[in-house]
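Student: Hi! I've got a structure open and I'd like to talk through it with you. Could you help me?

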Amino acid sequence: MTGYLIGVDAGNTMVKAALFDTEGTTLAVASRGSETLQPAPGFVERDPDGLWQAASGAIRDCLAKAGIDGAEVLAVGAAGHGNGLYLLDAEGRGLIGIQSMDNRAETLASQIAAEHGDEILSRAQSRPWPAMTPVLLRWIAENCPEIMARAHKALLCKDVIVHGLTGRMGSEVSDLAGAGLLALPALDYDDALLRLYGIEGLKHVLPEPAQSDAVVGHVTAAAAAVTGLAEGTPVVGGLFDVLASTLGAGTSHAGEASIVAGSWSINQVFAEHLPAEPRALLASVLGRDTWVSCECSPTSAANLEWFVQTFLADEARATGEDPFALCNRLAVGADPEKDLPVFHPFLYAGPVPGARGGFSAMGAWHSRGDMVRALYEGVAFGHRAHFEILDPDRRFRFATLSGGAAKSELWAQIFADALGMTLRLSDCAETGARGAAIAAAIGAGLFADFDDGTQAMARHVEEITPCPAAQALLDARYRRWCAYRDALGAAWAPPKLPGFDSRETQERTSHG
């Protein structure tokens with residue numbers, strides 16, 4: 001079949017639209033910014049209507065860049081950050097959009113976890129955390145009843161885009177499972193689970209689930225006018241972005257592992273069955289029979305973005321050098337045999353309430369290059385801590401790597417050495433959008449399932465193997481990183497909250 005597919009990938013700051021052919025080749029990419037609002041400390045929001053405007057503009061720009069008529073697009077799929085909360089009124093207008101970096105419900109999440117965490121884990125294979133959708137629903141109901149009174153549906157990020165395209169106010173199973181809203185493995189809403197969160201009275205705002213690759217609607221006339229797509233183009237339910245990125249990078253089978261080093265540290269293992277004793281922060285589902293355990297936190301490449309904006313942006317603008325290329329150049333100049341600083345990537349969240357990121361063990365002799373390399377290592381160590389939870393027996397020796405770290409040869413090698421894993425890199429920079437396009441291709445009837453679609457549209461182009469000498473060095477550095485993390489725990493803990501117990505951290509932490 002001739003024609004094209006569009007995948008839309010909405011992160012916490014940017015919305016990208018990418019056009020693919022049916023073999024998965026990227027033909028054009030366009031992006032639009034989606035303004036982040038921080039009305040109070042710990043609050044991270046965006047306007048849902050602005051999110052749709054960014055997405056529709058990116059689709060229009062992408063078609064124009066490719067010189068493709070919208071009528072040639074076979075189907076559209078969307079992916080977006082998981083959890084958070086987007087409330088729409090009965091007319092489809094946005095009331096509030098809370099992003100997955102938000103921390104307003106930290107105290108409430110700790111309370112729910114203390115009271116019902118084990119039972120929630122047994123029913124949903126998820127642990128309560130501040131930006132978890134059901135936790136935020138309860139927070140809004142208790143703190144902003146005027147907003148909740150006007151709310152018609154609670155959506156996830158990419159659902160806002162699907163609504164803009166089709167008018168449907170619904171969701172799909174990968175996002176809803178990843179948000180801890182569905183009982184597993186049934187993939188249904190469960191009254192007992194909703195009572196554990198304290199949101200049993202809000203069931204009416206929960207969206208109808210669909211399969212990720214199911215056609216849930218068609219592009220409306222209004223959406224066609226602002227996107228350039230043809231009215232009637234099929235739109236599928238879409239995907240939780242961590243799964244979309246994994247698909248787009250070429251991983252879909254049980255027994256495989258995936259690392260996404262983007263704004264969030266995403267670490268996943270795929271299996272035919274849910275674990276008998278869940279350990280991960282959350283679980284999701286790919287298709288109908290592949291279960292994904294995911295350990296994640298906002299502790300990855302967003303830390304590098306902060307460093308660039310804080311310390312290097314002016315220099316990069318003055319010289320015309322790409323700021324991330326400048327980071328790589330500085331880091332390459334650092335001596336890996338030296339006593340480097342220690343960086344904890346907890347600028348947005350950490351292993352205990354109140355945790356903060358930053359450099360430790362700094363000396364007057366350390367350079368900017370030393371700091372960048374320490375940041376690269378610290379982010380990789382955060383991913384390693386997650387894998388120690390997911391895979392304590394170290395059964396997984398291979399994983400795909402996507403996200404910002406995969407774009408740096410040095411950083412990707414540091415990941416391989418720090419994790420002691422062979423990492424496979426994708427041929428595609430926009431893996432999240434390609435994963436959404438794979439779902440769209442299945443909905444359009446091009447492929448039978450995610451395995452077929454991924455095999456046809458995604459490829460690995462490089463393998464990075466650990467260097468034994470570097471691995472030994474980073475093993476020692478990782479132990480030091482953990483020692484600093486554990487020692488700082490008592491200082492991080494805010495008043496009236498339990499102190500940090502390093503023994504508990506070794507057993508379980510959702511933030512490395």
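Student: Which ring does the charged end of R104 sit over, at 3.9 Å from its centre?

Tutor: That ring belongs to F43. Keep in mind that we are looking at a predicted model. The charged end of R104 also sits over the ring of W139, 5.3 Å from its centre.

Student: Nice. How many aromatic pairs are there?

Tutor: The count comes to 14. One of them is W129 with W264: the ring centres are 5.3 Å apart and the planes are at 65 degrees. Planes over 60 degrees apart count as edge-to-face, so that is what this pair is.

Student: Where in the chain do W129 and W264 lie?

Tutor: In distant parts, 135 residues apart. W129 is in the loop between α2 and α3, while W264 is in the loop between β11 and β12.

Student: And are those two buried or exposed?

Tutor: Both W129 and W264 are buried.

Student: What about Y478 and W481, why is that pair called stacked?

Tutor: Their planes are at 20 degrees, with the centres 5.8 Å apart, so the pair is stacked; the cut-off is under 30 degrees. Both residues lie in helix α16, 3 residues apart, which is about one turn of the helix. Residues three or four places apart point the same way, because an α-helix has 3.6 residues a turn. Y478 has a relative accessible area of 4% and W481 has 1%, so each is buried.

Student: Which residues form an aromatic cluster?

Tutor: W306, F307, F311, F343 and F359 form one together.

Student: Switching topic: in what order do the strands of the open sheet with β5 come?

Tutor: The order is β6-β5-β7, with antiparallel pairing. At the edges are β6 and β7, each pairing on one side only. From one strand to the next, the twist averages 15 degrees.

Student: How many bridges join β5 to β7?

Tutor: There are 3. In one of them, L87 has A154 in β7 as its bridge partner.

Student: Which helix packs on the sheet, touching β5, β6 and β7?

Tutor: That's α3, residues 133-143, and its direction makes about 50 degrees with that of β5. Helix α5 lies across β5 and β7, running at about 115 degrees to β7.

Student: Last one: how many residues of α14 are buried?

Tutor: 12 of its 13, so by the under 20% cut-off the helix is mostly covered. Among the buried ones are R434 and I438. Just after α14, G445 takes a positive phi of about 85 degrees.

Notes
Residues numbered from 1 in each chain as written. Predicted model: local features only at pLDDT ≥ 70, side-chain atom pairs only at ≥ 80, totals over all residues. Heavy atoms only, no water. Pairing = 2+ DSSP bridges. Helix = DSSP H or I, 4+ residues; strand = E, 2+ residues; numbered from the N terminus. Axes fitted to C-alpha atoms, helices over the stretch in contact; angles between N-to-C directions. Contact = heavy atoms within 4.5 Å. Buried < 20%, exposed > 50% of the residue type's maximum accessible area, 1.4 Å probe, protein only. Phe/Tyr/Trp six-rings, centres within 6.5 Å; stacked < 30°, edge-to-face > 60°. Lys NZ or Arg CZ within 6 Å of the ring centre and 35° of its normal.
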